[in-house]
Amino acid sequence: MNRVDLHTHTTESDGTFTPRELVEAAAEAGLKTLAITDHDTFSAFDLAAPLAEKLGVRLVRGIEVTTKEGPRNVHLLGYFFAGPAGARFDSWLEHQLQGRRERNERLAARLREIGLNVEVAEAEKYGRRLTGRPHFARVLVDKGYVHTVREAFDRYIGESGDAYVEREAPGVETAVSEIRAAGGIVSLAHPIRLMAPSPEAEEKLIAGFVEAGLPAIEAFHSDHGASDVERYLAIAAKYELAVSGGSDFHGTHRVGVELGRINGGREIPEWILPALEERSH
């Protein structure tokens, strides 16, 4: 049995497991295929690949990027099976990272405006290679402004929080084009987070992404209940999309999320992998 998880994060972005710890945990959980999909960086793949080979875990080169569709943040997963993505894509990723750095400066300034004494450097102590909102959340907890990371997002840095600031991000069509040009296959991450007002509006959004070149959708995800999974599988069938799936494991940043499983302990089906690989060629 080839147990898979195609959506995980490490300390190279906003997870709490190092690349080594993640691979070890995956092997212990019985996973045979693991994709590390850190935000805007492939660095964890290179760090984890030797150990993964030693432990018998197939490591898939993956990434997660943030795009914009009107007011919505839309996350895309890219999967690369043929080696590094190349200089052009690396340059494009660096531009995305610069956008994150600029957003972090504005976020820290906004937090100070509302009376919370937070500096970017404090978040960067947690962020290592990439610093994001989860690292700011940990600073807010450390300083006693909130009790939990969840509260930090709900009150201050989430999209409806008092200190939320937008980040420059490419459009969906641009990101799909860049990932495909680099040899990757693109999947719409956790579509439930599109927060569409109705299933019909959600499908209309996804249909627009398909027109922009999207070839796959993440039907299996920890935020998706059984009815959500069935809805996204139906959309995949209707629009002839490949299906991806992953836990979106972040370590202690997402309590209750288990490697290789989604809500209710359901395993991520192994049949998704060959279909994705076929589309990547």
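Analyst: Before we start: two strands pair if DSSP finds at least two bridges between them. Keep in mind that this is a predicted model.

User: How do you know that strand 2 and strand 3 pair, and in which sense?

Analyst: Count the bridges. Pairing takes at least two, and strand 2 (residues 33-36) has 4 bridges to strand 3, in the parallel sense. For one of the partners in strand 3, look at R61, which bridges to I36.

User: What makes strand 3 and strand 4 a pair?

Analyst: The cut-off is at least two bridges again, and here there are 9, so strand 3 and strand 4 (residues 72-80) pair, running antiparallel. Across from G62 you'll find Y79 of strand 4. The hairpin they form has 2 residues between the strands, and G70 has a positive phi near 65° there.

User: Why is strand 3 called largely enclosed?

Analyst: Of its 12 residues (58-69), 10 are buried, so the rest of the structure largely encloses strand 3.

User: What about K68: why is it called buried or exposed?

Analyst: K68 sits in strand 3. Buried means under 20% relative accessible area, and K68 comes in at 16%, so it counts as buried.

User: How do you know which side chains K68 makes polar contacts with?

Analyst: The limit is 3.5 Å between N or O atoms. The side chains of K68 and E166 are joined at 2.6 Å, and the K68–N73 side-chain contact is 3.2 Å, so both fall within the limit. Leaving out residues up to four places away in sequence, K68 also touches others, including A169, P170, G171 and V172.

Definitions and conventions:
Residues numbered from 1 in each chain as written. Predicted model: local features only at pLDDT ≥ 70, side-chain atom pairs only at ≥ 80, totals over all residues. Heavy atoms only, no water. Buried < 20%, exposed > 50% of the residue type's maximum accessible area, 1.4 Å probe, protein only. Polar contact = N/O pair within 3.5 Å; in protein donor to acceptor, adjacent residues only side chain to side chain. Contact = heavy atoms within 4.5 Å.
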